[in-house]
Amino acid sequence: MSESTTRLNVFKTYKLYVGGKFPRSESGRVYEVTDSKGNWLANAPLSSRKDARDAVVAARKAFGGWSGATAYNRGQILYRIAEMLEGRRDQFVREVADAEGLSKSKAAAQVDAAIDRWVWYAGWTDKIAQVVGGANPVAGPFFNLSTPEPTGVVTVVAPQESSFLGLVSVIAPVIATGNTAVVIASERAPLPALSLGEVLATSDLPGGVVNILSGKASEMGPHLAAHQDVNAIDLAGADGALAKELEVAAADNLKRVLRPQPVDDWAGDPGTGRMTAFLETKTVWHPTGSLGASGSSY
């Protein structure tokens, strides 16, 4: 290459993350993503309702294996996500700085907090059952045990602001407890979410456990909220009008709905609320004492 030749940059092509693969939107649509000053950053896929349906199919297919994995194994995989994200830290610092209009130091702090959040939830995978389950006192010759189980496929409307730390803060608790997720990324700042798909794909997370869509929550949200194979929905990133619309649509098959909070401090202590929001409690009863002529007991 001669000294006078100017090398052209290779621009990144952002794609959806569905079923462990990276499809373009089936509609072929894209939309422009700009930084805080209005400068063009990239074209992101504008997901369609067909993309949303494909994501639900992938999430349902992955649910059996993921919910059946040991809590310890899920924790290992969440920790692996943190490892992979740490290795790509500089990339995410740049993307978060552009997306949020932050200085490099503030973007780095948000990325570091997101990495730490994966580690935090990784540590909870084999402990949450002890916190919310247990043996129950019963008046009679019985005892019973209550154990938490994942709800199923959860649609997550990711926060519009804090597009990375907030994103991780709503995805990690859903999958830590054995659910699978269909995530609608921030419409304004979807690029860190789409790049997160590349981390998930190389982190031992089974395909379909997390599926990431970009585009309009107002277009995909009502369809997913009414979808009969979606079991719950997190409205973290929905504004008032959209949240009300999605909550009404979700009532058709009695989905669990986690309503948006007035103020979400994503940098604060995450607590256990987002894990327990998508758990069901199963109670098993056992008789005590001798049963029948054999004298066996339970």
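Q: Helices are DSSP runs of H or I with at least four residues, strands are DSSP runs of E with at least two, and both are numbered from the N terminus. Leu254 sits in a loop between which two elements?
A: This is a predicted model, so local features need pLDDT of at least 70, side-chain atom pairs count only at pLDDT 80 or more, and totals for chains, interfaces and linings use all residues. Residues are numbered from 1 along each chain as its sequence is written, and side-chain values use heavy atoms, with hydrogens and water left out. Leu254 isn't a glycine, yet it has a positive phi of about 55 degrees. The loop that holds Leu254 runs between α9 (240-250) and β9 (256-258).

Q: Is Leu254 buried or exposed?
A: Buried means under 20% relative accessible area, exposed means over 50%, and partly exposed is in between, using a 1.4 Å probe and protein chains only. Leu254 comes out at 76% relative accessibility, so it counts as exposed.

Q: What is the relative accessible area of Asp204?
A: Asp204 is a non-glycine with a positive phi too, about 75 degrees. It's in the loop between α7 (191-201) and β7 (210-213). Asp204 counts as exposed because its relative accessible area is 56%.

Q: Are the rings of Phe11 and Trp40 stacked or edge-to-face?
A: Rings of Phe, Tyr and Trp (its six-membered ring) pair if their centres lie within 6.5 Å; planes under 30 degrees apart count as stacked, over 60 as edge-to-face and the rest as tilted. The structure holds five such aromatic pairs. For Phe11 and Trp40, the centres are 5.9 Å apart and the planes are at 75 degrees, so the pair is edge-to-face.

Q: How many residues apart in sequence are the parts that Phe11 and Trp40 tie together?
A: Phe11 is exposed at 60% relative accessibility, while Trp40 is partly exposed at 41%. Phe11 belongs to the segment before β1 (30-34) and Trp40 to strand β2 (residues 40-45), so the pair links parts whose separation in residues is 29.

Q: What is the angle between the planes of Tyr17 and Phe22?
A: Tyr17 is buried at 2% relative accessibility, whereas Phe22 is partly exposed at 33%. Their rings sit 5.2 Å centre to centre and form a tilted pair, with an angle between the planes of 35 degrees.

Q: Arg60 lies over the face of which residue?
A: A charge sits over a ring if NZ of Lys or CZ of Arg is within 6 Å of the ring centre and within 35 degrees of the ring normal. Arg60 meets that at 5.7 Å from the ring centre, and the ring belongs to Phe63.

Q: What span is expected for helix α4 at 1.5 Å a residue?
A: Helix α4 (residues 104-124) has 21 residues and reaches 31 Å from its first C-alpha to its last. The expected span is 1.5 Å times one less than the number of residues. The computed reach is close to that expectation, which for α4 is 30 Å.

Q: Which residues of the largest nonpolar core touch the most other members?
A: A nonpolar core is a set of buried Ala, Val, Leu, Ile, Met, Phe, Trp, Tyr and Cys residues joined through side-chain atoms within 4.5 Å. A separate core has 25 residues, among them Ala55, Val157, Leu246 and Ala250. The largest core has 62, and those touching the most other members are Trp118, Phe164, Ile175, Val183, Val210 and Ile212.

Q: How far apart are the closest N and O atoms of Arg89 and Asp112?
A: A salt bridge is a side-chain nitrogen of Lys or Arg within 4 Å of a carboxyl oxygen of Asp or Glu, and the structure holds 17 of them. Arg89 is partly exposed at 24% relative accessibility, as is Asp112 at 28%. For this bridge, the closest N and O atoms are apart by 2.7 Å.

Q: Lys12 forms a salt bridge with which residue?
A: Lys12 is partly exposed, with a relative accessible area of 32%. The closest N and O atoms of its bridge are 3.9 Å apart, and the partner is Glu95.

Q: Which residues do salt bridges that share partners join into one network?
A: Lys12 lies in the segment before β1 and Glu95 in helix α3, so their pair ties together parts 83 residues apart in sequence. Through shared partners, the salt bridges join Lys12, Arg88, Glu95 and Glu198.
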